[in-house]
Amino acid sequence: MKGIQMLWADGKKARRIKADMWKQNLKFHQLSYREMEHLRQFRRDITKCLFVGLISIPPFANYLVFLLMYLFPRQLLVKHFWTPKQQIDFLDVYHGLRRRSHSEVITHLRRASTFVSHEKLRRQLTDLCTKVQSGTHPAAQDVLALRDCFSTYPLGFSQLQASQMRALSQAMLLTPYLPPPLLRQRLKSHITVIHQLDRALAKLGIGQLTAQEVKSACYLRGLNSTHIADDRCRAWLGEWLHISCSLKEPELSLLLHNVVLLSTNYLETRR
């Protein structure tokens with residue numbers, strides 16, 4: 001019942017935000033950070049709830065669905081219905097799933113470096129891959145120095161190979177089992193929303209966020225923040241925002257890869 005009440009309250013808030021958008025003729029990216037984040041998360045939650053509702057439609061199927069929800073709460077229920085322990089455990093599981101693709105993403109980057117025509121950029125990209133594979137956390141300036149590689153061939157959005165997009169989808173906790181055009185469209189849409197959130201967050205200021213909001217923001221961007229101290233999460237989020245707010249729309253492929261580049265070794269190099 002508590003979960004239903006929280007979900008209902010989130011729905012009322014999302015409805016109010018949408019009504020204000022309509023009255024004031026606002027686009028999504030013109031909202032405040034907290035309004036944007038609330039809509040983004042509610043859309044994901046309600047999509048999951050609608051799926052459960054659909055499979056409950058056949059006669060007597062609801063009894064089976066209740067059993068399945070009890071047996072598989074991570075897959076079928078949204079966070080409103082998780083216990084505090086489940087929230088931590090399930091976030092760890094999800095991060096483990098996306099972390100499996102990290103080495104594949106870096107391998108694709110290293111292979112793509114051989115097709116970079118500019119010698120200096122090719123060497124910098126190879127060095128960055130070597131650093132990440134050896135367990136070093138890259139500096140923001142090292143990542144930003146490669147922005148030109150990600151706006152055109154071989155790492156621009158239009159040039160990404162199907163295997164690269166599948167690995168990146170797993171890193172973003174998106175399904176990789178879609179045709180390449182849909183994978184490309186979904187990845188671009190997802191990272192564009194994050195880029196818009198970043199700009200709104202930079203305007204608000206990280207210092208205005210609560211500890212839980214900081215952890216949620218870090219987790220969305222690839223860092224398993226459930227076991228990291230608040231000050232380290234804020235420092236990491238500051239690095240991310242520095243990179244994100246320096247990028248233009250044609251360079252968002254770099255921000256997508258940054259989910260892996262900036263999160264893979266953060267714990268190891270900060271201990």
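**Notes on burial, helix faces and cysteines**

1. Asp45 counts as buried, at 5% relative accessibility. Buried here means under 20% relative accessible area, exposed means over 50%, and partly exposed is anything in between, using a 1.4 Å probe and protein chains only. Asp45 sits in helix H2. Helices are DSSP runs of H or I with at least four residues, strands are E runs of at least two, and both are numbered from the N terminus. Setting aside residues up to four places away in sequence, Asp45 touches Val78, Lys79 and His80; contact means heavy atoms within 4.5 Å.

2. A word on the ground rules. This is a predicted model, where local features need pLDDT of at least 70 and side-chain atom pairs count only at pLDDT 80 or more, while totals for chains, interfaces and linings use all residues. Residues are numbered from 1 along each chain as its sequence is written, and side-chain values use heavy atoms, with hydrogens and water left out.

3. Now helix H3, residues 61-71. Its buried residues are Ala61, Val65 and Met69. Looking down the axis of H3, these fall within an arc of 80°, so they line one face of the helix. (The arc is taken from the directions that run from the helix axis to the C-beta atoms.) That buried side packs against helix H2 (33-55) and helix H4 (73-76). On the face of H3 turned away from it you'll find the exposed residues Tyr63, Phe66 and Tyr70.

4. Ala61 of helix H3 is worth a quick look by itself. Its relative accessibility is 14%, so Ala61 counts as buried. Not counting residues up to four places away in sequence, Ala61 touches Ile55 and Ser56. Its C-alpha is separated by 27 Å from that of Asp10, 51 residues apart along the chain.

5. Next, helix H7 (residues 119-133). With 15 residues, H7 reaches 21 Å from its first C-alpha to its last, close to the 21 Å expected at 1.5 Å a residue; the expected span is 1.5 Å times one less than the number of residues. Which residues of H7 are buried? They are Leu121, Leu125, Leu128, Cys129 and Val132. They cover an arc of only 95° around the axis, so they are on the same side of H7. What covers them includes helix H6 (102-113), helix H8 (140-144) and H13. After H7 comes Gly135, which has a positive phi, near 95°.

6. On to the cysteines. A disulfide is a covalent bond between the sulfur atoms of two cysteines, and the cut-off used here is a pair of cysteine sulfur atoms within 2.5 Å. How many disulfides does this rule give? The count comes to zero.

7. The core. A nonpolar core is a set of buried Ala, Val, Leu, Ile, Met, Phe, Trp, Tyr and Cys residues joined through side-chain atoms within 4.5 Å. The largest one has 66 residues, and Met172, Leu187, Ile191, Leu237 and Trp240 touch the most other members. Leaving aside neighbours within four places in sequence, Met172 is in contact with Leu187, His190, Ile191, Ile194, Leu256 and Val259. A separate core of nine residues lies apart from it, and includes Leu77, Trp82, Phe90 and Tyr94.

8. Val260 belongs to helix H13. Is Val260 buried or exposed? Its relative accessible area is 0%, so Val260 is buried. Beyond residues up to four places away in sequence, Val260 touches His102, Val105, Ile106 and Ala171.

9. Last, Ser263, in the loop between helix H13 (252-261) and helix H14 (266-270). Ser263 counts as buried, at 5% relative accessibility. Apart from neighbours within four places in sequence, Ser263 is in contact with His102, Gly222, Leu223, Trp236 and Asn258. A polar atom of the Ser263 side chain lies 3.4 Å from the backbone oxygen of Gly222.

Note on methods. A polar contact is a pair of N or O atoms within 3.5 Å; within protein, one must be able to donate a hydrogen and the other to accept it, and residues adjacent in sequence count only if both atoms are side-chain atoms.
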